[in-house]
Amino acid sequence: MNVLLVGGGGREHAIAVSLKKSKRVDVLYCVPGNAGIAQIAECEPSIGVMEFDKIIAYAKEKAVDLVFVAPDDPLAAGLVDVLQAEGFRVFGPNKQAAILEASKAFSKDLMKKYQIPTAVYETFDDPHKAIAYLETARMPIVLKADGLALGKGVLICNTLEEAKAGVREIMQEKQFGDAGNVLVVEEFMTGPEVSMLAFVDGKTVKPMVSAQDHKRAQDGDQGPNTGGMGNFSPSPFYTKEVDEFCRTYIYQPTVDAMAAEGRIFKGVIFFGLMLTPEGPKVLEYNARFGDPETQVVLCRMKNDFMDVIDACIDGTLDKMDLVFDEDAAVCVILASEGYPVSYEKGYEITGLERFDGKEDYYCFHAGSKFDSEGRIVTNGGRVLGVTARGKTLKEARKKAYEATEWVSFANKYMRHDIGRAIEEM
């Protein structure tokens, strides 16, 4: 098969590696891709993920048999629908189903209607009404921009003053653009956070292995929220009992609820969970693979990736057993100093060849490109996802941090405590 992957981040590099490993994939194409993906796929960096007409023309030119749409924006805007209308076989939810992530107000209303455990919430389209509500609410409280905001449209406010400033930031100053036209105000939940990715074929849901993210920019969970500074899998908090509860009261009910609403979901659902004292609750849904969760989950999967993709598209997931290695994986993000606020890019990355041929070590490119001289340079806030596998979390963590020293670039920045708290448990 010839496969076209849409996207160009660390998640897409991890997906590309898994696709390339499949016995059934002959040629892998990617738009726009990045310098890492270009090592294993034919990339077309001039085509952006939202340039639907160009993507269709490219897919036709390359006679692709399947298109894998990975990022949130094109999914929410209906790229899957457009490709299907042109006769392409596509992996990813259509626009009707991608609303599960594209609108937090929709997903919260869905959970309320179908009694899926989540935080108590209210939605507002008027900032003055939101502020009036906050004056009666208990702090801390969580504010969420309704639409897609690159994983950053969430504010945790400890005081009423912070909450009022947050409303101004999201709804009036439009820091997240139109994503902030509607505001979701949510009770603050406590407990360990766990990320669960699950394959879905419209009716059957097959969870992958658990992962745990580190969102804050600095050690000790300090600094601003980011798209993720590192990840590990599995999470020790995700016990057999938690799994059974989530399968019964969260995963299957979500898929059934979407079907009942006439929004058949096929693809991957990311369940962001909070393990509260009252039990697991849904923090958020994503309608695609998470980043950097994908980097620590897919490298542990033993199935042929294409077989799973086909089962999701064809509605035969119930006939498939997902198999994962019993080991652990840790991903440490190497970022540009100053991320997520402001940072410089264009610095040469050296030492990448040290990953060649090394089993259990991966260097997933998130923000890289080739410069005019053909050198690989930094091209984003999150630059690389250095990932390692080990028999235990402790071993995987040691190997991942060891490997972060293999590569260099000016402005290189990382957290030094990814998975440390778990290791010390």
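This is a predicted model: local features need pLDDT of at least 70, side-chain atom pairs count only at pLDDT 80 or more; totals for chains, interfaces and linings use all residues.

## Aromatic cluster and pairs

One aromatic cluster is formed by Phe-68, Phe-91, Phe-199, Phe-289 and Phe-305. In the pair made by Phe-245 and Tyr-249, the ring centres lie 4.8 Å apart. The planes of Phe-245 and Tyr-249 meet at 40°, which is neither under 30 degrees (stacked) nor over 60 (edge-to-face), so the pair is tilted.

Phe-245 and Tyr-249 both belong to helix 9 (residues 240–260), where a spacing of four residues separates them by about one helical turn. Phe-245 has a relative accessible area of 27% and is therefore partly exposed. Tyr-249 is likewise partly exposed, at 47% relative accessibility.

## A charge over a ring

Lys-358 is placed over the face of Trp-406, at 4.9 Å from the ring centre.

## The second largest pocket

The second largest pocket holds about 510 Å³ of space. Its lining comprises 19 residues, and those nearest the centre of the pocket are His-13, Gln-39, Ile-40, Asp-356 and Cys-363. Helix 1 (10–21) and strand 19 (361–365) are the elements that supply two or more residues to this lining. Strand 19 contributes the most, with five residues.

In terms of residue class, the lining of the second largest pocket consists of nine nonpolar, five polar and five charged residues.

Definitions and conventions
Residues are numbered from 1 along each chain as its sequence is written. Side-chain values use heavy atoms; hydrogens and water are left out. On a 1 Å grid over the protein atoms alone, a cavity is a set of points where a 1.4 Å probe fits but cannot get out, and a pocket is an open set with protein on both sides within 12 Å along at least five of seven lines; lining residues have an atom within 4 Å of a point. Grid points are joined across faces, edges and corners, and a volume is the space filled by probe spheres set on the points. Ala, Val, Leu, Ile, Met, Phe, Trp, Tyr, Cys and Pro count as nonpolar, Asp, Glu, Lys and Arg as charged, and the others, Gly among them, as polar. Rings of Phe, Tyr and Trp (its six-membered ring) pair if their centres lie within 6.5 Å; planes under 30 degrees apart count as stacked, over 60 as edge-to-face and the rest as tilted. Buried means under 20% relative accessible area, exposed over 50%, partly exposed in between (1.4 Å probe, protein chains only). A charge sits over a ring if NZ of Lys or CZ of Arg is within 6 Å of the ring centre and within 35 degrees of the ring normal.
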